[in-house]
Amino acid sequence: MTSELDIFVGNTTLIDEDVYRLWLDGYSVGDAVALRVRSGILEQTGATAAVLQSDTMDHYRTFHMLERLLHAPPKLLHQLIYQIPPSRQALLIERYYAFDEAFVREVLGKKLSKGTKKDLDDISTKTGITLKSCRRQFDNFKRVFKVVEEMRGSLVDNVQQHFLLSDRLARDYAAIVFFANNRFETGKKKLQYLSFGDFAFCAELMIQNWTLGAVDSQVDDMDMDLDKEFLQDLKELKVLVADKDLLDLHKSLVCTALRGKLGVFSEMEANFKNLSRGLVNVATKLTHNKDVRDLFVDLVEKAPGPLGPLHGHPPWLPPAPLS
Amino acid sequence: MPGKLKVKIVAGRHLPVMDRASDLTDAFVEVKFGNTTFKTDVYPKSLNPQWNSEWFKFEVDDEDLQDEPLQITVLDHDTYSANDAIGKVYIDIDPLLYSEAATVISGWFPIYDTIHGIRGEINVVVKVDLFNDLNRFRQSSCGVKFFCTTSIPKCYRAVIIHGFVEELVVNEDPEYQWIDRIRTPRASNEARQRLISLMSGELQRKIGLKVLEMRGNAVVGYLQCFDLEGESGLVVRAIGTACTLDKLSSPAAFLPACNSPSKEMKEIPFNEDPNPNTHSSGPSTPLKNQTYSFSPSKSYSRQSSSSDTDLSLTPKTGMGSGSAGKEGGPFKALLRQQTQSALEQREFPFFTLTAFPPGFLVHVGGVVSARSVKLLDRIHNPDEPETRDAWWAEIRQEIKSHAKALGCHAVVGYSESTSICEEVCILSASGTAAVLNPRFLQDGTVEGCLEQRLEENLPAGCGFCHIPYDELNMPFPAHLTYCYNCRKQKVPDVLFTTIDLPTDATVIGKGCLIQARLCRLKKKAQAEANATAISNLLPFMEYEVHTQLMNKLKLKGMNALFGLRIQITVGENMLMGLASATGVYLAALPTPGGIQIAGKTPNDGSYEQHISHMQKKINDTIAKNKELYEINPPEISEEIIGSPIPEPRQRSRLLRSQSESSDEVTELDLSHGKKDAFVLEIDDTDAMEDVHSLLTDVPPPSGFYSCNTEIMPGINNWTSEIQMFTSVRVIRLSSLNLTNHALNKNFNDLCENLLKSLYFKLRSMIPCCLCHVNFTVSLPEDELIQVTVTAVAITFDKNQALQTTKAHVEKSLQRASTDNEELLQFPLELCSDSLPSHPFPPAKATSVDYSSFADRCSSWIELIKLKAQTIRRGSIKTTVTVEKTSPMGEGNFRNRSAAPCANSTVGVVKMTPLSFIPGAKITKYLGIINMFFIRETTSLREEGGVSGFLHAFIAEVFAMVRAHVAALGGNAVVSYIMKQCVFMENPNKNQAQCLINVSGDAVVFARESELEVVSTQQPAANCQPACTGGEVTT
């Protein structure tokens, strides 16, 4: 006796969160069943392995059918085929677009192209994340990138509107898109100690202060590209190192601003000259694309000083805009 | 010119890409009704076209309005080649034809293509201007309301229940016409869909005409079925119960009507013809005179009967008056005569209803069923489908005579079905023989007095169990005892019925789903030989199914079955029998005896030991089941009860009429002769297997209950979460070792595993009950068995479920009396939940297991929608604001389920096979939904194999039903049923095809919490009638 066909269709589409996670994690039906068995669900419910197999298959089929809609979340909201309560819809979308820290660190700043996609095998082996899951995450990045690439207005808002993500996740995606667009190098060994959160924090500040949109919100409201003029202007910062008076003034201003707010304030104060020189050197070079890409490498190399990373706040990042 | 149909095409969305070059579509729409077609302009290069068309107006006869569906076709304009069809929408405009239902159809409909499935949606507005037509000879029946619900719909009152209406229409199946060889599958499917839509429209119109003829205004329990007879044609047939319904405006308005009969009581002489029905003149008059002039006795009743089978109509009260009360006898007899005369006029005194107004059902005799094997032949003249009519008439006659043999003049819970394999067809009909109260069968103004006197003798909660047949002249051997409730009348020891449990019945403990499953191998044969083989097998199948049911019932420690449905399916090389019913313990019936096992060879010691071991196991199971279902009947002194070992009472008659000799009627007595039915004799391994299989049925996991009736006996505190579902399984049998036993085991496992899967899938709803579990078996191919299950899971409040049975009994009695006054609508448990004494937990239901995370997610979506217009960059939204909006988002969600279309997202439409929605009141019936879809694929593998294909199709069917309901302005479908799900596959060719037919009633419901104001006022308003109601019943 073999089961040829075995389906369950509810008027309200049943979503099992645990199975959804297994599916998102890229497990095959067989692996998912094995994992569920290990979780002790059979003992809890008194079900048999065959029941579990059938249930898992069924959920996988549902998710597979929903996947097409998840690629354009507003469609999921307006479609008529699957009746899903709004809270569940939000959960489906949020989980689908969620990504692994380990994975995002591997592709952050890389061009979201076919070439990178070919490397997913290696990333999968390296991170232990299934290839299927890697592909989904990579495709998500790429899809969001494609949609918001040419759009005007706030990057975060655009992501949120077109993918209905939570605020936090939308901001993460804004960072990913921003990094991918500007191709910042993040994969060097020296940068390994930095988390995605650190980079996302930088991305947010850069979007707010360094992009075309930041300069003039009326004319060319673009969050994706760095403002070339602004980078050109950074050359002027040389005076902060060359002119002793300005250096002192700068130091006193910075110290006033940071006093009491920084755990390593005294070290910073003592090393201010070195730090400032390092930073200014990095800043003045940013007119070349190559140097823009190496921004974070340079920052770590040339302005590390004695300061370690502080609570996700990279020490070399200017605490306040200078312009 | 009786009607003007107006259609407006507003917009489309999510259209598929039809032009690969531009990734866009140039869509336009054709609107067709009858032979008239209109077109919209082409809306170029868009997947979300805004046509905003003018109003297309069709001026048509109301006959056409009833028959024809509105056809909307979406096409892609192509300058150089033929336009490509994107898909179609069929809209049944019937709901617009009666005044109380929907006034406009407006909304988004999925655009459906039989090859590609749903391809985007289209927004359509449809209106009908109907002119009054006073032509007496009209062919239309606009205005007759149709309900699938097999009880009097909630917001109506039954003035008269007229009785049975049936009709069938036949046509050639387009799939088998010569033209099918040259047209595309799509064209063929569409021709079929269109034809069936047309035929069901015609059928409905014809039934409507019959109803008007009977002076009714509605059909309740409308059941329409298709017989795909292949080469010989396509039959669409329908049965229903004609009624005159009154819309209930408010409970108070009804009260005078209810009281009036008692006032008039004295003015009405008893001998006045109580039947103003015009059809009943003439022959019945002498009979009625007798009724009045003589005290009831055997003699006159014999005069009244025309044949010997009518003997059992002898009023048993003639002899039993001592126990029944002195004045009760004559009145009861009078009632009987009256009812009989009212029903005698009808060819078939059948009722498709399964639940009745209080007091309607007087006695229940038992299940009557008939089957007949026919050979299909080509229907030569579709306009005169005489053979099919004759077949059914024959079966109905048989049912009628069975009912008469049981001393009953009517059949309730009546249904018909067919099973077709190649050119052999099994026609089946079944129902429950019953004695009815004439009050509802005639004009409601005169009778009252009779009914009230009658009720004085009928203790509530057990009356329907009392035998309607003559004790001394029993139609079959049965063991009778005095009723355990009133101790005045005789009751059988076991009761089988096809109806729902009457609301006033006194039940001990909870009920459960009981199934008998059976397979029998059959030699492959052609035509007549095949029909003969099947006819020969049928009685054995029937016998075994009954034995299994009886044994399982005993094993559960219960004594009655409700909602019994026996399905016999015929395949190439086997017959399948599946019986489902809900077992309960009726307080009025005696405690069932246990099951004794007896060995045939008592000399073998180890064998003896084995037997006693089995016996112990069985006894343990019975004890366990009694505990599980909380069956603990009060101890009763044995003096009035007869012998402690009950004798078999199980009965059923079977008609075997072969196509070649349909006159020959063989009756089969299933009552096991004089042998004690509950002694199982183990004389061979087969019997041993049978006993084993009895014990393999696993009870549902704790927190789960299941039944196939509307409501679960013993649970009456439903919460509002419901989940309707359809599950389909197909298994392939290994063709090698097919024995009856292997087959039985496979089939049994299939059903059991399916149930287990359902319990597992729905575990998050615990405590819950699967209601209206409906199994359908089909044998699409040689080695394939397909089982389709549709049911609804309803959550209930566990704490309130633990109330004692005594309290429940009292409550049900009380409810019965109050409901008697209150509206005569069906007193389902939920009605009482609105009373302040049973406060409803208001918020608990909608999201049981959604984490707080999910709540936040939902609010995100709400928030994003709000933000849509106010795009501002750089500003970082903190989570605090998100949290703040969270409760609002949740609130919106809840509201939406009650009032759809208020929000921009898709409104929730509930679907349920039940006639009610827990925790809510149905405020309006919008019309019947009856839809037929075909889906075909030539890329089965690419669509996820057979499972993927069917899963997607069923989901699409649900979506289309919901869309139609929403467009009518409704938010739920009740009495939903999937009548057909025919699935055929050809994996080698990578092809599959599926036909699905669904129906139900579109309704508007309102949550009880929203009706709180109304419900708190209601008890006060009802106080007065409730008191008088009490007087009447006691």
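**Close-up 1. Helices α1 and α6 of chain A come within 11 Å of each other.** In this predicted model, the axes of α1(A), residues 17-24, and α6(A), residues 86-97, cross at roughly 25°. Angles under 35 degrees count as roughly parallel, so that's the label for α1(A) and α6(A). The crossing itself is right-handed. Who's touching whom here? On the α1(A) side you'll find A:Glu17, A:Tyr20, A:Arg21, A:Trp23 and A:Leu24, and they meet A:Arg88, A:Leu91, A:Leu92, A:Arg95 and A:Tyr96 of α6(A). Sort the residues of this contact by class and you get six nonpolar, four charged and no polar ones.

**Close-up 2. Helix α6 of chain A also meets helix α10 of chain A.** The axes of α6(A) and α10(A), residues 131-148, cross at roughly 100° and come within 9 Å. That angle makes α6(A) roughly perpendicular to α10(A). From α6(A), the contact uses A:Arg95, A:Tyr96 and A:Tyr97, while α10(A) brings A:Arg136, A:Asn140, A:Arg143 and A:Val144. By class, that's three nonpolar, three charged and one polar.

**Close-up 3. Four strands of chain B make an open sheet.** Read the strands in the order β18-β20-β21-β19, and note that the pairing is mixed. Which strands stand at the edges? They're β18(B), residues 495-496, and β19(B), residues 507-521; each has a single partner strand, so one side of each has no neighbour in the sheet. To spot one pairing, look for B:Leu521, whose bridge partner in β21(B) is B:Met574.

**Close-up 4. Helix α10 of chain B packs on that sheet.** This helix covers residues 527-555 and touches β18, β19, β20 and β21 of chain B. Its direction makes about 150° with that of β19(B). Another helix to look for is α13(B), residues 740-761, which lies across β19 and β21 of chain B. Helix α13(B) runs at about 140° to β19(B).

**Close-up 5. Strands β14 and β15 of chain B form a hairpin.** Strand β14(B) spans residues 410-421, β15(B) spans residues 424-436, and they pair in the antiparallel sense over 10 bridges. B:Cys421 stands opposite B:Val424 in β15(B). How many residues sit between the two strands? There are two, and one of the turn's residues, B:Glu422, has a positive phi of about 50°. A handy thing to remember while you look: side chains in a regular strand alternate between the two faces of the sheet.

Terms used
Residues are numbered from 1 along each chain as its sequence is written. Chains are lettered from A and ligands numbered from 1 in the order in which they are written. This is a predicted model: local features need pLDDT of at least 70, side-chain atom pairs count only at pLDDT 80 or more; totals for chains, interfaces and linings use all residues. Side-chain values use heavy atoms; hydrogens and water are left out. Axes are lines fitted to C-alpha atoms, for helices over the stretch in contact, and angles run from 0 to 180 degrees between N-to-C directions. Angles under 35 degrees count as roughly parallel, over 145 as roughly antiparallel, 65 to 115 as roughly perpendicular and the rest as oblique. A crossing is left-handed if the near helix is turned anticlockwise from the far one by less than a right angle, and right-handed if clockwise. Contact means heavy atoms within 4.5 Å. Ala, Val, Leu, Ile, Met, Phe, Trp, Tyr, Cys and Pro count as nonpolar, Asp, Glu, Lys and Arg as charged, and the others, Gly among them, as polar. Two strands pair if DSSP finds at least two bridges between them.
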